[in-house]
Structures are given as structure tokens and as C-alpha cells.
Amino acid sequence: MSDPIGQIHEHDNQAWFHPWEYLPDVGHNQRSIIQRAEGIHVFDEHGQRLIDGPGGMWCMQIGYGRKEMAEAIAEQALRMPYMNPFSLTSEAPTRLAAKLAELAPGDLKRVFLTTGGSTAVDTALRFVHFYNNLKGRPGKKHIISREHAYHGSTYLGATVTGKDRDRNWFDINTGLSHFLPSVNPAGRPAGMSLQAFCDARVADLENKILELGADKVGAFIAEPIQASGGVIVPPEGYLKRCWEICRRHDVLFIADEVVTGFGRLGHWFASEAVFGIQPDLITCAKGLTSGYLPLGAMLLSERLFQEVSGSNANGASFGHGFTYSGHPVCCAAALKSIEIIEREQLLQHVRALSPHFLERLHALREIPLVFDTRGMGLVGCVECRVRPLVESGMDGSELYAFETELGMRIDRHCHELGLMVRPLTNLCVFSPPLVIQRDEVDQMLDILHEAILRTQRELELELGLKLS
Ligand SMILES: Cc1ncc(COP(=O)(O)O)c(C=O)c1O
């Protein structure tokens, strides 16, 4: 393919309706065109090489340009590109299901293959409803989620997503979902200890279950670390205590590991290895194929599966599935990506590199424009705020517009200096390919440091404020 740059922009503006399209800009967007990628780098239309800070969209584990991935995909596509998963079976999806069951914690031995993260979340939520219907508890359907959660863009995924602006102008099933307050320790009231904050957030869950009635609550859904909500790392012990509460009240625990799975936190799954919990269901996607092809999965506890199958099934079929469930080519990509992660010991690599990554990330706090830094494993976030503006009592929507601009300003400077970040309002988030090396982490954070300083200087001039 070799369309001229102008042609790509024209098609982009005239035809492609993008995810999260900012509609006022339609028709005159000048998005960067990514033309090729290699290792941890992408190359834009000017040939500029950029470190891929967000790792695609939190998905590029093994790095770009892997010949053996292309070969595994081509081999499967030539041999048998598609198979009807409703009535047939084949090697790639069965082998992948068995592999995921082996890697999953506890008794999560049943694997439902989906097309991505949102459909994995939908599958989990629909399973919860199906399960309770079959068990004769049709009222046990409410789902508890949390502020800042992101669980996808399907109707159900959006229904349990707790990011306000994502829901603006859309409908969700408001009778189904309930949102607990943010677990971001940086947002706790001044003077409140971390322990007291953790106690309060754990109590939120139990209080909500008691308020709704445990017989009405089907599940609690939580990302171990809230990713696109701003890399929110909950206080220590929070998740485990929530899991214990769920068990006490017979509420299923869904760990949404779409971002935290496949090495992002140095383990195949973070639930047990990092947080000491064994969820009833895990959803995953993204790093499952390292983003080379779309695929997701819901992993389900064998105990639950047994409760709805065989003589317990009451004649039921699980009437849910997708044309592309267990797509053989996508499964071949997942198997190869997992093989590479194993062979190159990328989980160990992440665990070894993470302390340095986090140390460099947290060192950014010395810059006055930086309000907070957060991270774990190889995922991180910098939150910037112009404190004098925040303290001036500026109107909320004006401040929001300004802060959105802030992330984009930093992104622009980063781009000039050779780094792509993902601006989310006043946040820049990172989840670089897991193959990143120590000197490349340094390069990435040196660039970010310089880009934030440049943004700060620019703002000082424009606003006539002294920030440093
Ligand atoms: C935690 C989490 N769950 C679900 C999703 C939805 O995944 P997908 O975009 O593959 O549908 C995302 C996407 O970012 C996510 O971060």
C-alpha cells in the first residue's frame, strides 16, 4: 500500500469514523500517520522514529515486527483460516484454551474465547445473569463497579464503565450498575491516612451490597489496576479485602485483566500473583496476542462451570457466542505470542526492570507541573495540574478543557523529541512494549521530563504565572 499522505488524510477525514471520535474536529483532523513499526518504535509519515510509550493501546507486549508472528499467522491462514466454533473444533483454539487454563490462577480452567476485551466483559456479565437464572435466583443481577473503571464499549461494558465522560450522550442500563467512589489514594482528603482511606473504600463495597441486598447483587467487577481511568493503583490490601467480602456475601468477583494480563505487571495474570486473589471470572484481551490480531477471553472457575453443566444444566444451552469466537488465526497468534513471552522470559524481565521504571517515573514529581505519578510493573501515569488555576476556583468545564489541552501539549513536545504518549486529559499514560530495555526506559523518561518542562515554561509565558 502506498497512498500519498494527502490521500490518507482525505480518506481519514471523509470516511473513517474513529473510535472516540471528537466530532467537532471531523473533516480537518491531521492525525499522525503511522507507516511502520519495529521493536518498541513506530515511524510516522515524516519518517520520525518514536518510542511507543502506550505500547499501542496497552497491548504490544512482544514488540513490533516479529517475523515468527507473521509466519505463524500466515501458516494458519493458509492451512485453515476459519472454522465454525458453534459446532466444530480445531487445534489452535483448543490448544490455546488449554494453555490459558494452565496459566490461569486457581480453578479458572474454562475458557470462553471472544473477539476482544469488551466482548469478554459482556460474556462475563451475561454468564453471571445466566448462572443466577439457572440457579433459580433471577433477582441476583446487579453489578457493582467503581468510578473511573473502564470495561469496554459494548452496551454492557459501557454500563459498568465508571468514566462519566465516556457515557455522555449515550444510554446505559442504569438499573443494572452501581459505582463505588474512586479508589485513587491521591484523591483522598487531606490528613486522611492510607489505611483509613483503604478501610473506607472497602467499606463502600460491603455497604453497597448490604444496601442492595446480597440476594440482588450478581457480581463485583474490578480492574486490578484501573488503566484508562488513569492508572489508579488501589491501596495495599484493598482488592483482597474486597474479594473476601464478595465471598462472604456470595457475590461473584470478576477481575478485568484486559490490561494487567500477559506480563504487564510481571505475571501472566495479576490477580493471584500480585494481589493474592482468586477471582471467579477473569476477562483478558490485548496482550493475549500482543495486539497482532484481535482476541479476548473469559476465564471461568471450574466450580461455576460445573454448577451449570451436566445434570445441573436443566436442559440449558449457553446461548451466547460470536462468529469469530476462537478464530483459528487469532488463536495461532496468541499461542505464538505466549511462546515468545515464555522463551524470552519477558515476565522475569518486567519484574527486574519495573523498579527502575518506577523510580524514574516517580522522580518526575520534582517538576511543579506534575501533580502525581502512579504505576506498577510496566504501566505508569503522570498527572499534571496547573495548581494556581485549580486553586483559583476556575469553572469545572473550563478547567477540564484546559487540562485536556495540557495532556495534548505534553504529547506534542514528546512527539518532537521522539516519544509517543497517550494524553488522557491532564494525564499521560505509559505501557511500553515489555521488550523495552533499561536504556530505552531512560530515554523515554528523559524525553518526558524535558517535554513537561517545555510545557511548563510555555504555560508560564502564556498565563503570566510562576509555576516553578
Ligand atoms: C480494563 C479493560 N477492559 C475492557 C476493555 C475493552 O477492550 P476492547 O477495547 O478490546 O474491547 C479495555 C480497553 O481498553 C480495558 O482497558
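A polar contact here is a pair of N or O atoms within 3.5 Å. Keep that cut-off in mind. This is a predicted model.

An oxygen atom of the ligand is 3.0 Å from an N or O atom in the side chain of K286. How much of the ligand does the protein bury? On its own, the ligand exposes 390 Å², and the protein buries 83% of that.

Two more contacts. The side chain of S118 puts an N or O atom 2.5 Å from a ligand oxygen. G117 uses its backbone: an N or O atom there lies 2.8 Å from an oxygen atom of the ligand.

Now the whole shell. The residues around the ligand include G116, Y150, H151, G152, E223, D256, V258 and V259. By class, the shell splits into 3 nonpolar, 5 polar and 3 charged residues.

Next, H320. Look in the loop between helix 11 (302–307) and helix 12 (328–343). Is H320 buried or exposed? Its relative accessible area is 13%, so H320 is buried. Its side chain makes a polar contact of 2.8 Å with the side chain of T123.

Last stop, the surface. F17, L23 and V26 make a nonpolar patch of about 330 Å². V26 sits in the loop between helix 1 (5–14) and strand 1 (34–38). V26 counts as partly exposed because its relative accessible area is 39%.

That's my tour. Over to you.

Definitions and conventions. Residues numbered from 1 in each chain as written. Predicted model: local features only at pLDDT ≥ 70, side-chain atom pairs only at ≥ 80, totals over all residues. Heavy atoms only, no water. Near = heavy atom within 4 Å. Polar contact = N/O pair within 3.5 Å; in protein donor to acceptor, adjacent residues only side chain to side chain. Areas by Shrake-Rupley, 256 points an atom, 1.4 Å probe, with all protein chains shown as cover. Nonpolar A, V, L, I, M, F, W, Y, C, P; charged D, E, K, R; others polar. Patch = residues over 30% accessible without salt bridge, like charges linked within 9 Å, V, L, I, M, F, W, Y side chains within 5 Å. Salt bridge = Lys/Arg side-chain N within 4 Å of Asp/Glu carboxyl O. Helix = DSSP H or I, 4+ residues; strand = E, 2+ residues; numbered from the N terminus. Buried < 20%, exposed > 50% of the residue type's maximum accessible area, 1.4 Å probe, protein only.
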